[in-house]
Amino acid sequence: ADGDCPTRFRFRDLLAEEGEIASNPCDPAWLDPVAWNGPSFDTVWAGFTGDGYLDFGSTVGEWIDFEVTIPDDEPRDFAIRFANGSTIDRPIQVLVDGFVVTTLSMPPTGGWTRWSKAWMTLPLPAGPHTIRLRTTISNGPNIDRIDAPDLPFTPIDADLWRPHHRPTIDWKHAANEARVPTLDAAGAAAFSIIGPSASPVTGTGFGGACATGGVIVDDPRWPAAYRGLFFADYIYGWIRVLNLDAEGDPVSVSGFDNTAGAITAITHDPVSGHLLAIRWDENPIRIIPPAPACPADLDGDGEVRGGDLGLLLAGWERPGPSDLDGDGTTAGSDIGLLLSMWGVCPP
């Protein structure tokens, strides 16, 4: 390691949010402040990187400096990582080598622990430069760093860094609002509210207070609409299912049982195909999939053909979907039932 490089890293500096660059903290893909006048150094609000962040005070004209060396004359993109827990925009003026180049909006981020990025393109000539952030109103945002993904940096060893995975879906207390993680146009982590047409996941918003359960069901005995991730809310007493695509990404969410009760766990029995839901103050419930119109269509393509026969033979002498007569094992009688259903499944 270089002389300025520590022998140990902070865990938070080895986390990479979805959309972030996993870079070595000794030669990162971002710039740390080198000088400031007015802002106070702080560590109160979580989510920052490095030693802490800078909190602008209440005076117009407070500033923070960053130093950067540009290898050539090509324009580069930079992003100010900031948090604004207030309810109003707190714009920042950007100066390069003493000259004003732009003013960036710093809109509310939804809380002081919610960090966002304001992007800008700077056509800087090759050589060293000082980027200054200066307040234009009496209060500014909290500033963590400036991201510089277009400048040279050292990727971190894959054995050291860890990706930060956001929840596949989350929902609010006492409000019918659920959301899924997305990436914005700049590739940074964002989210989308379920319900509006722009959401990548279809469905209706919902609320809750305590997530429980969680089991993926990919069982041909269940209709396609109910194959996916089953999850529950202990307080609100509902069970919902999140449908997934072939890559495991969510595509739709729908209600399954709104009166299930205080669910503490959900599991799937691969033998019977049933869902078992454990409840805190009542007996467990067993949820049975509806009888399929074409049980021999094991591959779900709407026809009983050679592929289904192959799946049946793959399950030979075992329980499961290939046990068409339900006697606990796949055997010759199940072949007979499959052959009796040969052809296109009934509508």
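1. Asp170 counts as partly exposed, at 25% relative accessibility (buried is under 20% relative accessible area, exposed over 50%, and partly exposed in between, with a 1.4 Å probe and protein chains only). Its place is in strand 14 (strands are DSSP runs of E of at least two residues, helices runs of H or I of at least four, both numbered from the N terminus). Not counting residues up to four places away in sequence, Asp170 touches Glu177, Ala178 and Arg179 (contact means heavy atoms within 4.5 Å). From Val60, Asp170 is 110 residues away in sequence and 39 Å away in space, C-alpha to C-alpha.

2. A word on the model before you go on. It is a predicted one, where local features need pLDDT of at least 70 and side-chain atom pairs count only at pLDDT 80 or more, while totals for chains, interfaces and linings use all residues. Residues are numbered from 1 along each chain as its sequence is written, and side-chain values use heavy atoms, with hydrogens and water left out.

3. Now to the aromatic rings. The whole structure holds 12 aromatic pairs (rings of Phe, Tyr and Trp, the last by its six-membered ring, pair if their centres lie within 6.5 Å; planes under 30 degrees apart are stacked, over 60 edge-to-face, and the rest tilted). One of them is tilted: Trp171 with Phe206, at 5.5 Å centre to centre and 45° between the planes. This pair links distant parts of the chain, 35 residues apart, with Trp171 in strand 14 (residues 170-171) and Phe206 in the loop between strand 16 (189-193) and strand 17 (211-217). Trp171 is buried at 17% relative accessible area, and Phe206 is buried at 2%. Ring pairs also join Trp171, Phe206, Phe231 and Trp238 into a cluster.

4. Finally, Arg81, in strand 7 (residues 76-83). Arg81 counts as buried because its relative accessibility is 13%. The side chain of Arg81 makes a polar contact with the side chain of Asp144 at 2.8 Å (a pair of N or O atoms within 3.5 Å; within protein, one must be able to donate a hydrogen and the other to accept it, and residues adjacent in sequence count only if both atoms are side-chain atoms). A polar atom of the Arg81 side chain also lies 2.9 Å from the backbone oxygen of Gly47.
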